[in-house]
Amino acid sequence: MRTSRWTAVPAALVLLATGFPVATAAPPSAPACAALAGTDIPASVMSLPTSGGRVTSATVTTSVVSGKTIEYCRVDADIFPVDPAAPAIKMRVALPAGWNHKAIMFGGGGYNGTIPDLTANVPFGPADQPAPLARGYATFASDSGHQQGPAALPSLDGSFGVNDEALRNFAAGDALKKTHDASRYLIRQAYHAKPAEVYFAGGSTGGREALVVAQRWPEAFDGVISAYPAWNNLAEVLYLGHLTQILSRPGAFPGPDKQTLLYTSVIGACDGLDGVADGVVSNPGGCHFDPRTLRCPDGADTGPGCLSDPQIAAVTAMSTRFEWPYRIASGETGYPGFPFLSGADMRTPFLGFGTTAPANPMPLTSGYGMQYWDQWVKYFLTRDPGHDPLAVDPGDPGPWLDRISRLSTIQDRNDVDLRPFAARGGKLILLHGAADELVSDRSTSDYYRRVRAELGPRTTDGFLRYYVVPGANHANAGTPAFAAGWDSLSALERWVEKGQSPADPVVTDTRHQRTRPLCEYPEWPRYRAGDPDRASSFVCTR
C-alpha cells in the first residue's frame with residue numbers, strides 16, 4: 001500500500017530573510033491529515049465576532065487537477081455564528097502534500113450558498129496552465145455563511161436574507177474575513193508555517209468580494225484578481241428590478257427568435273468597425289446600433305423578423321442608464337445599463353433575457369437577473385416570501401425607501417479609496433468581458449475611473465491593471481463569441497513577488513484557438529495586418 005506524504009517524516013525547513021519557513025528538498029510535512037478532524041478554531045483567531053469553529057472532517061483526497069494527480073488533505077469546518085438563529089459558515093481548505101508556501105481564496109457567485117470548487121482555476125483562467133491547487137497552493141473558500149436550499153436554482157436562493165448576521169456575512173463580506181482567518185489558522189496547524197503570500201480570486205459576486213477584501217482588510221491579501229465584479233450590488237439590483245417591471249409589460253418581452261435577431265443585427269452593424277469581421281466587436285464604445293431599425297410595420301408584433309414598439313422600448317431600457325429620483329445612504333444614483341452586445345445573445349439566454357417574461361410567481365425560465373430581483377425583494381427588502389416582486393417599483397419604492405437605503409450601506413460598501421491596500425504593496429488585476437450579459441462592464445469601468453480619480457494616475461498605475469476583453473461574456477457561459485483565457489495568476493505572482501507589472505499580456509479565445517492583445521482600459525485591440533487569429537496582428541488603441 002502506498003504511504004501518503006501526509007504521514008511522512010517532517011522535511012527540513014530553512015528560515016529565509018522574509019521570516020517565512022520554506023521547504024528545502026522535500027515538500028513540507030504536517031500532522032497526519034486525520035488528526036486535524038475535530039480541531040477547534042478559537043474565536044480569538046478571527047478579527048470579527050464569531051463563536052469559534054470546529055473542523056468537521058479531514059480526509060486525504062486524490063484528484064486529477066489540470067491533468068495532474070494531486071494528493072491533498074480536504075478539511076471541512078464550520079464557523080459558528082454569534083446569533084444562534086444564524087446559520088454557520090461552512091468552509092473548506094485543500095492542503096496539498098507538495099505545498100508551495102502560498103494560499104489562495106476563491107470567491108463565490110450569485111447568492112452563494114455552496115462552497116466553490118477548490119480544484120478550479122481562477123476566473124477567465126487559461127486552459128494550458130495548471131489551476132492553483134495543481135501549482136501547490138493551499139486553496140480555501142466558504143459558502144459565505146448560509147446553505148442553498150435544495151429547490152433553488154444554482155446560486156439563486158436568497159432566503160438567508162431574513163437573518164441579519166447571515167445577511168452581513170454575505171452582503172457586507174464579513175464571512176470573507178472570518179473564512180480567511182480560520183483558514184490561515186488551519187494552514188498553520190497543518191504545516192507549522194505561515195503562507196508567504198495569500199491571494200484572492202473571484203468573479204461576479206466573487207469579483208465584488210475581491211474588491212471588498214482589498215478595501216476592508218488591506219493587510220489580509222497580497223494580491224487580488226477581480227473578474228466581472230458585481231461591486232455595486234444594490235445599485236444593480238435596483239436596475240434589475242426596473243428592467244423586470246418593463247419586461248413584464250404586455251407584449252414587451254422579446255422571445256428567443258427576437259433576441260437572436262437583435263444580436264445578429266448588432267454584430268452585422270458593428271463587427272467590422274475594429275478592422276476585421278470576426279464575430280467580435282472590439283470597440284463597443286464605437287457601436288451605435290439603433291434598435292428602431294428592426295421596427296415592425298406600425299410597431300405591432302408581426303413575427304420573429306422584427307421588434308414591436310414595446311419590445312424596442314424594453315431593449316432600449318436594457319441599454320440605457322437607470323437613475324432613481326431619491327437619495328440612498330451609499331450615495332449611488334443609478335446603474336449604467338448594458339451594451340446591445342450583451343443580453344441579446346441567445347447562446348446564453350438564461351443569463352440575459354431568459355426565455356420567458358418575468359411574472360409573479362417568477363418563472364424559472366426568466367432571466368437570471370429577474371430571478372435575483374425576485375429573491376432580493378422577498379428576503380432582503382420585504383422579508384416576506386409571498387411578496388409580489390412586480391409590486392415594488394425601483395423608481396418609486398414608496399414605503400420601502402428607508403429599507404433600500406439601509407441595505408445600501410451593507411450591499412454597496414463601495415469606497416474606492418484603496419490607498420491602504422496600495423500602500424502595503426497589494427496588487428489588483430481587474431477583468432471584464434465587453435459582452436457580459438449579467439454584470440455590466442460599464443459599471444466596472446465606472447469603478448476604475450473612480451479609483452483613478454480618488455488615488456491619482458500614478459498611484460493607481462502602481463497597483464491596479466484593468467482589462468476589458470472584447471467578445472467575452474459572463475464567466476464564459478454558454479458559447480461566447482470569445483471564451484477568454486489568461487494566466488492572470490502568474491501575472492499577479494510576478495507583480496507581487498518580483499515587482500514585475502504585467503507587460504503586453506495576451507488573452508486566448510479557448511473556443512476558437514485565437515489570441516488578442518489584452519489592452520489596458522480604455523484601449524481596445526484594432527486589427528492592423530496579418531493573421532486575424534494572432535494577437536500580433538492587432539494594436540491597442542483608443
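**Close-up views of the predicted model**

**View A. Leu 156 sits in the loop that links strand 8 (138-142) to helix 1 (164-172).** Helices (H or I, at least four residues) and strands (E, at least two) are DSSP runs, numbered from the N terminus. This is a predicted model, in which local features need pLDDT of at least 70 and side-chain atom pairs count only at pLDDT 80 or more, while totals for chains, interfaces and linings use all residues. Residues are numbered from 1 along each chain as its sequence is written, and side-chain values use heavy atoms, with hydrogens and water left out. The relative accessible area of Leu 156 is 5%, so Leu 156 is buried (under 20% relative accessible area; exposed is over 50% and partly exposed in between, with a 1.4 Å probe and protein chains only). Ala 131 is 25 residues from Leu 156 along the chain, and the C-alpha atoms of the two are separated by 27 Å.

**View B. Helix 1 meets helix 3 (residues 205-216) at a crossing angle of roughly 90 degrees.** The two axes come within 9 Å; axes are lines fitted to C-alpha atoms, for helices over the stretch in contact, and angles run from 0 to 180 degrees between N-to-C directions. Helix 1 and helix 3 are therefore roughly perpendicular (65 to 115 degrees; under 35 counts as roughly parallel, over 145 as roughly antiparallel and the rest as oblique). On the helix 1 side, Arg 168, Phe 170, Ala 171 and Ala 172 are in contact with Thr 205, Arg 208, Val 212 and Arg 216 of helix 3, where contact means heavy atoms within 4.5 Å. By class, this contact holds 4 nonpolar, 1 polar and 3 charged residues. Ala, Val, Leu, Ile, Met, Phe, Trp, Tyr, Cys and Pro count as nonpolar, Asp, Glu, Lys and Arg as charged, and the others, Gly among them, as polar.

**View C. Helix 1 also packs against helix 8 (residues 401-411).** Their axes are 8 Å apart, and the angle between them is about 60 degrees, so helix 1 and helix 8 are oblique to each other. Leu 167, Arg 168, Ala 171 and Ala 172 form the helix 1 side of the contact, and Arg 403, Leu 407, Ile 410 and Gln 411 form the helix 8 side. These residues divide into 5 nonpolar, 1 polar and 2 charged.

**View D. Helix 7 (residues 368-381) crosses helix 8 at roughly 100 degrees.** The axes of helix 7 and helix 8 come within 12 Å, and the pair is therefore roughly perpendicular. Helix 7 contributes Trp 376, Phe 380 and Leu 381 to the contact, while helix 8 contributes Arg 403, Ile 404, Leu 407 and Gln 411. The classes here are 5 nonpolar, 1 polar and 1 charged. The loop between helix 7 and helix 8 holds His 387. With a relative accessible area of 17%, His 387 is buried. Leaving aside residues up to four places away in sequence, His 387 touches Val 377, Lys 378, Thr 382, Val 392 and Trp 400.

**View E. An open, mixed sheet is built from 10 strands in the order 3-4-5-6-8-7-9-10-13-14.** Strand 3 (40-41) and strand 14 (464-469) are at the edges with a single partner strand each, so one side of each has no neighbour in the sheet. Strands count as paired if DSSP finds at least two bridges between them. Strand 4 (residues 53-65) and strand 5 (residues 68-79) are antiparallel and share 12 bridges; Ser 57 is opposite Asp 76 in strand 5. Helix 12 (residues 488-498) packs on the sheet, where it touches strand 7 (102-106), strand 9, strand 10, strand 13 and strand 14, and its direction makes about 155 degrees with that of strand 13. Helix 3 lies across strand 9 (197-203), strand 10 (223-227) and strand 13 (427-433), at about 145 degrees to strand 9.

View F. Strand 15 pairs with strand 16 (residues 506-509) over 2 bridges, and Ala 484 is opposite Asp 509 in strand 16. Asp 509 also has Arg 514 in strand 17 as a bridge partner. Strand 16 and strand 17 run antiparallel, joined by 4 bridges. They form a hairpin with 4 residues between them, and Gln 513 in the turn has a positive phi of about 55 degrees.
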